[in-house]
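Biologist: I have the model open and a few things to ask. Can we go through it bit by bit?

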Amino acid sequence: MAVPQVDKKMLGELEAMGFPTARSVRALHFSGNSNLESAVNWLLEHESDPDIDQLPLVPREISIECGDTSNEVRNDVQETRDTVLEQKPEEQTETGRQNETSQLEREPNADEQEEQDTKRILALYKQKRDEEGRARGRIRNQLQEDQRERIRAAKDLMEAKRTLEENQRKRMMESRIADQEEEKRARERIRQRIADDKAERRRRLGLPLESPRASAAVITPTKVKPVERVVTSEQLRDRLRTLKKNHKDDPAAVARAYQILLKIVANIVKNPEEEKFRRIRLSNPVFKDRVGSLQGGVEFLELCGFQRLSGIGYLVMPRDKIDMALLNAAGVEIASAMENPYFGLLSK
């Protein structure tokens, strides 16, 4: 096997364009050594071939000469030679002059045509490379933008979850402290009741009362706040479960509704003073499509503290009705529902 013979001039021009020698030889061989444009087109069409950088190999030509030449072949050769020698010198001279003139006229035109072809091929090659570069750039920019968007969304979700967990811990600490204080007040009430019973028994038996120093300390009554409706985590979870059950055939719509609900709750937790986060127009196209039209979405917000104003078509949460503990619990339940793929599917 041997490397095929190709046009050296076209091979040099392809190498000058920047193509490797192996690719240039391969393109000229498979394009038939016809012209430079065919070789460049072949390279552009086969640049992704796995063997593009390997030199092509063809069977080596072996010429076998015969020992004896037939008489007929020798006679033909002799007749041809005699015919050429018998041609007149003048005709040979005139014919040679005409051939030289034609060749001289063709050489400049051929060089100009070849130069124009080379420029056109280079322009086409550069144009295609530029288009491919721009296409790759657009794809790369799109991939980078998608990745940044995913990172941004993940950061927002992690930040919201971290805030909700922190507020949940604070709420648990406040609840523990309140329970301890209530237990302390209960013990004081029991102690006071025992002291009162003891004093009453001494009075009935006619015994003298104990000195004021020995009497139990008087408990100052504290103001008792009015009992408000208590919303439990189970009620919040039930509303989210109802929303998912009613729309189990459209999980994408349920996921969008959970995201909107989590965003509303997180905005109020982060910015409780901003009225725009505590006021939702029911006719808003985005809210109506993603939350309002799904059974259980508006009910969940009402459990979180929103009040429906039917006269003006708004959901409003008054500033004095904001319950951070309840909002934190709601955020935790929404995040749990989003992360658990079986949420609401296994319950009755």
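Biologist: Where is Leu55 found?
Modeller: Leu55 sits in the loop between α3 and α4 (71–86). Bear in mind that this is a predicted model.

Biologist: Which residues make the nonpolar surface patch with Leu55?
Modeller: Met1, Val3 and Leu57 make the patch together with Leu55, and the patch covers about 400 Å².

Biologist: Switching to helix α2. Which of its residues are buried?
Modeller: Helix α2 spans residues 21–30, and its buried residues are Ala22, Ser24, Val25, Arg26, Ala27 and Leu28.

Biologist: And what covers them?
Modeller: The cover over the buried residues of α2 includes α1 (8–16) and α3 (36–45).

Biologist: What happens just after α2?
Modeller: Gly32 takes a positive phi there, about 85°. Asn33 has a positive phi too, about 55°, although Asn33 is not a glycine.

Biologist: Why point that out for a non-glycine?
Modeller: Because most residues other than glycine have a negative phi. Asn33 lies in the loop between α2 and α3, and at 28% relative accessibility it is partly exposed.

Biologist: On to charges. How many salt bridges are there?
Modeller: The count is 24. One of them joins the side chains of Glu47 and Arg129, at 3.1 Å from N to O. That pair links distant parts of the chain, 82 residues apart: Glu47 is in the loop between α3 and α4, and Arg129 is in helix α5 (residues 89–205).

Biologist: How exposed are Glu47 and Arg129?
Modeller: Glu47 is partly exposed at 28% relative accessibility. Arg129 is partly exposed as well, at 31%.

Biologist: What about Glu115 and Lys119, how far apart are they in helix α5?
Modeller: Glu115 and Lys119 are four residues apart, about one turn of the helix. Residues three or four places apart point the same way, because an α-helix has 3.6 residues a turn. The side chains of Glu115 and Lys119 form a salt bridge at 3.6 Å, N to O. Glu115 is partly exposed at 47%, while Lys119 is exposed at 53%.

Biologist: Which residue does Arg189 meet in a salt bridge?
Modeller: Arg189 meets Glu182, with 3.5 Å from N to O. Elsewhere, salt bridges that share partners join Glu234, Arg237, Asp238, Arg239, Arg241 and Glu333 into one network.

Technical notes:
Residues numbered from 1 in each chain as written. Predicted model: local features only at pLDDT ≥ 70, side-chain atom pairs only at ≥ 80, totals over all residues. Heavy atoms only, no water. Buried < 20%, exposed > 50% of the residue type's maximum accessible area, 1.4 Å probe, protein only. Helix = DSSP H or I, 4+ residues; strand = E, 2+ residues; numbered from the N terminus. Contact = heavy atoms within 4.5 Å. Patch = residues over 30% accessible without salt bridge, like charges linked within 9 Å, V, L, I, M, F, W, Y side chains within 5 Å. Areas by Shrake-Rupley, 256 points an atom, 1.4 Å probe, with all protein chains shown as cover. Salt bridge = Lys/Arg side-chain N within 4 Å of Asp/Glu carboxyl O.
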